[in-house]
Amino acid sequence: MAEEFRRVTIGLVGMQVLDLRVSDEAYQELRKVLEGEEPGWHTIPTPHSEVFVDLSKVVYVSLASQEHRVGF
C-alpha cells in the first residue's frame with residue numbers, strides 16, 4: 001500500500017508561505033520540534049525532496065482537512 005501524504009502550509013515571517021506534501025510521521029515530527037524550546041533549522045522530508053526550514057521564522061502551520069470537495 002502506498003504511503004499517504006498530507007498537505008501542510010507553513011507560514012513564515014515576511015508573509016512567505018510553503019505548501020508541502022508530507023507523511024504523517026514528518027508532520028508529527030515538525031509539530032514536536034516546533035513545540036520544543038530550541039529554534040533552529042529542521043529538515044522536512046517530502047515525496048520528492050527535503051526542505052530545510054528555520055524554525056525561528058515559522059509563524060503558523062496549517063494542516064489541510066482530509067475532506068475533498070468539488071465546487072463551492
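Modeller: Two residues are in contact when they have heavy atoms within 4.5 Å of each other. This is a predicted model. By that rule, residues 24 or more positions apart account for 42% of the contacts in the chain with a separation of 6 or more.

Biologist: What elements are there in the chain?

Modeller: The chain has 1 helix and 5 strands. Along the sequence, they follow the pattern β-β-α-β-β-β.

Biologist: What share of the chain is buried?

Modeller: Buried means under 20% relative accessible area. Of the 72 residues in the chain, 26% are buried.

Biologist: What makes Thr9 count as buried?

Modeller: The cut-off for buried is under 20% relative accessible area. Thr9 has 13% relative accessibility, so Thr9 counts as buried. Thr9 lies in strand S1.

Biologist: How do you know that the side chains of Thr9 and Asp19 make a polar contact?

Modeller: A polar contact needs a pair of N or O atoms within 3.5 Å, one able to donate a hydrogen and the other to accept it. The side chains of Thr9 and Asp19 are joined by such a contact, of 2.7 Å.

Biologist: Which other residues does Thr9 touch?

Modeller: Leaving out residues up to four places away in sequence, Thr9 touches Val17, Leu18, Asp19, Tyr60, Val61 and Ser62.

Biologist: Why is Met15 called exposed?

Modeller: Exposed means over 50% relative accessible area. Met15 has 82% relative accessibility, so Met15 counts as exposed. Met15 is found in the loop between S1 and S2.

Biologist: What is noted about the phi of Met15?

Modeller: Met15 has a positive phi of about 65 degrees, although Met15 is not a glycine. Most residues other than glycine have a negative phi.

Biologist: How does the span of helix H1 compare with the one expected?

Modeller: The expected span is 1.5 Å times one less than the number of residues. Helix H1, residues 24–35, has 12 residues, and the expected span is 16 Å. From first C-alpha to last, H1 reaches 17 Å, which is close to that.

Biologist: Which residues of H1 are buried?

Modeller: They are Ala26, Tyr27 and Leu30. These residues cover an arc of only 100 degrees around the axis, so they sit on the same side of H1. Residues three or four places apart in an α-helix point the same way, because there are 3.6 residues a turn.

Biologist: Which residues are exposed on the other side of H1?

Modeller: Glu25, Lys32 and Glu35 are exposed there.

Biologist: What do the buried residues of H1 pack against?

Modeller: They pack against strands S1 (5–12), S2 (16–23), S3 and S5 (58–63).

Biologist: Why is Ala26 called buried?

Modeller: The limit is under 20%. Ala26 has a relative accessible area of 8%, so Ala26 is buried. The C-alpha atoms of Ala26 and Thr43 are separated by 9.2 Å, and the two residues are 17 residues apart along the chain.

Biologist: How do you know that S3 and S4 pair?

Modeller: Pairing takes at least two bridges. Strand S3, residues 41–45, and strand S4, residues 50–54, have 5 bridges between them, in the antiparallel sense. Thr43 has Phe52 as its bridge partner in S4. Trp41 stands opposite Asp54 in S4. S3 and S4 form a hairpin, with 4 residues between them.

Biologist: Which residues of S3 lie on the covered face, and which on the uncovered one?

Modeller: His42 and Ile44 are on the covered face. Trp41, Thr43 and Pro45 are on the uncovered face.

Biologist: What makes Gly40 count as partly exposed?

Modeller: Buried is under 20%, exposed is over 50%, and partly exposed is in between. Gly40 has 23% relative accessibility, so Gly40 counts as partly exposed. Gly40 is found in the loop between H1 and S3. Gly40 and Leu55 are 15 residues apart in sequence, yet 5.3 Å apart in space, C-alpha to C-alpha.

Biologist: Which residues have the most contacts inside the largest nonpolar core?

Modeller: Ile10, Leu20, Val22, Ile44, Val53 and Val58 do, in a core of 13 residues. S1, S2, H1 and S4 each supply at least two residues of this core.

Biologist: Which residues does Val53 touch?

Modeller: Beyond residues up to four places away in sequence, Val53 touches Leu12, Leu18, Gly40, Trp41, His42, Ile44 and Val58.

Methods
Residues numbered from 1 in each chain as written. Predicted model: local features only at pLDDT ≥ 70, side-chain atom pairs only at ≥ 80, totals over all residues. Heavy atoms only, no water. Buried < 20%, exposed > 50% of the residue type's maximum accessible area, 1.4 Å probe, protein only. Arc of directions from axis to C-beta. Core = buried A, V, L, I, M, F, W, Y, C linked by side-chain atoms within 4.5 Å.
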